Amino acid sequence: MARRDESVETIQQEMTAFARRARATAARMHPELSLVSYTLLAHLDDQKGCRATDLAAHYLLDKSTVSRQISALEKLGFVERRVDPDDHRVQVLHPTTKGAQMLANVTASRRQAFHERLADWDEEDLDRFATYLLRYNAAQERHG
């Protein structure tokens with residue numbers, strides 16, 4: 001059991017380091033854009049827009065946190081509000097052209113960074129790592 005505990009501790013430490021680097025990378029890519037803001041913008045882009053309450057529910061964030069992040073994204077010109085055509089009382093958040101372009105640029109930069117970091121990995125190692133990440137994230141979805 002000690003070996004398993006040691007492995008879990010290593011995984012926890014490495015995941016923490018990964019998250020810290022992700023936050024730092026997001027700050028370097030766009031200094032005014034936090035990792036949370038980037039994640040919310042990416043979700044809006046993936047979903048082709050959604051309500052702020054949907055963002056809060058999806059990411060288990062407080063509505064005030066989402067409100068602050070969306071406000072910052074609006075000030076940067078990355079997000080706009082549109083009236084929901086099915087319910088004119090509801091506003092749907094969408095990335096602006098500027099926001100979508102910034103997101104595409106950051107995504108391309110991140111993809112390139114991953115290619116560089118993994119350049120000396122063989123196909124089998126990449127496949128195994130991808131499979132493990134999928135498995136880990138699926139477990140996270142099931143167990144919260």
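This is a predicted model: local features need pLDDT of at least 70, side-chain atom pairs count only at pLDDT 80 or more; totals for chains, interfaces and linings use all residues.
# Briefing: surface patch, nonpolar core and salt bridges

Tyr136 counts as partly exposed, since its relative accessibility is 41%, a value between the 20% and 50% limits.

- Tyr136 is part of helix H6, which covers residues 123-143, and together with Ile11 and Met15 it makes a nonpolar surface patch of about 280 Å².
- Glu9 has its place in helix H1, residues 2-29, and with a relative accessibility of 40% Glu9 counts as partly exposed.
- Between Glu9 and Leu103 there are 94 residues of separation in sequence, while their C-alpha atoms are 34 Å apart in space.

**Nonpolar core**

- The largest nonpolar core has 19 residues, and within it Leu55 and Ile70 are the residues with the most contacts.
- Two or more residues of this core are given by each of helix H2 (35-47), helix H3 (52-59), helix H4 (63-75) and helix H5 (97-117), and the largest share, five residues, comes from H2.

**Helix H2 and its cover**

- H2 has 13 residues, and the distance from its first C-alpha to its last is 18 Å, close to the 18 Å expected at 1.5 Å a residue.

**Loops with positive phi**

- Most residues other than glycine have a negative phi.
- Because its relative accessible area of 64% is over 50%, Lys48 is classed as exposed.
- Leu60, another residue other than glycine, has a positive phi near 55° and lies in the loop between H3 and H4.
- At 78% relative accessibility, Leu60 likewise counts as exposed, although its side chain belongs to the nonpolar kinds.

**Salt bridges**

- The structure holds six salt bridges, and several of them are described here.
- Arg51 and Asp54 meet through their side chains at 2.8 Å, N to O; Arg51 is partly exposed at 35% relative accessible area, and Asp54 is partly exposed at 30%.
- The side chains of Glu74 and Arg81 form a salt bridge of 2.7 Å, N to O, in which Glu74 is partly exposed at 27% relative accessibility and Arg81 is partly exposed at 40%.
- Asp87 and Arg89 are joined by a salt bridge of 2.9 Å, N to O; Asp87 counts as partly exposed with 23% relative accessibility, whereas Arg89 is exposed with a relative accessible area of 75%.
- Glu124, Asp125 and Arg128 are linked to one another in a network of salt bridges.

How values were computed
Residues are numbered from 1 along each chain as its sequence is written. Side-chain values use heavy atoms; hydrogens and water are left out. Patches are made of residues with over 30% relative accessible area and no salt bridge: like charges are joined within 9 Å, nonpolar side chains (Val, Leu, Ile, Met, Phe, Trp, Tyr) within 5 Å. Accessible areas come from the Shrake-Rupley method with a 1.4 Å probe; for residues, only the protein chains shown count as cover. A salt bridge is a side-chain nitrogen of Lys or Arg within 4 Å of a carboxyl oxygen of Asp or Glu. Helices (H or I, at least four residues) and strands (E, at least two) are DSSP runs, numbered from the N terminus. Buried means under 20% relative accessible area, exposed over 50%, partly exposed in between (1.4 Å probe, protein chains only). A nonpolar core is a set of buried Ala, Val, Leu, Ile, Met, Phe, Trp, Tyr and Cys residues joined through side-chain atoms within 4.5 Å. The expected span of a helix is 1.5 Å times one less than its number of residues.
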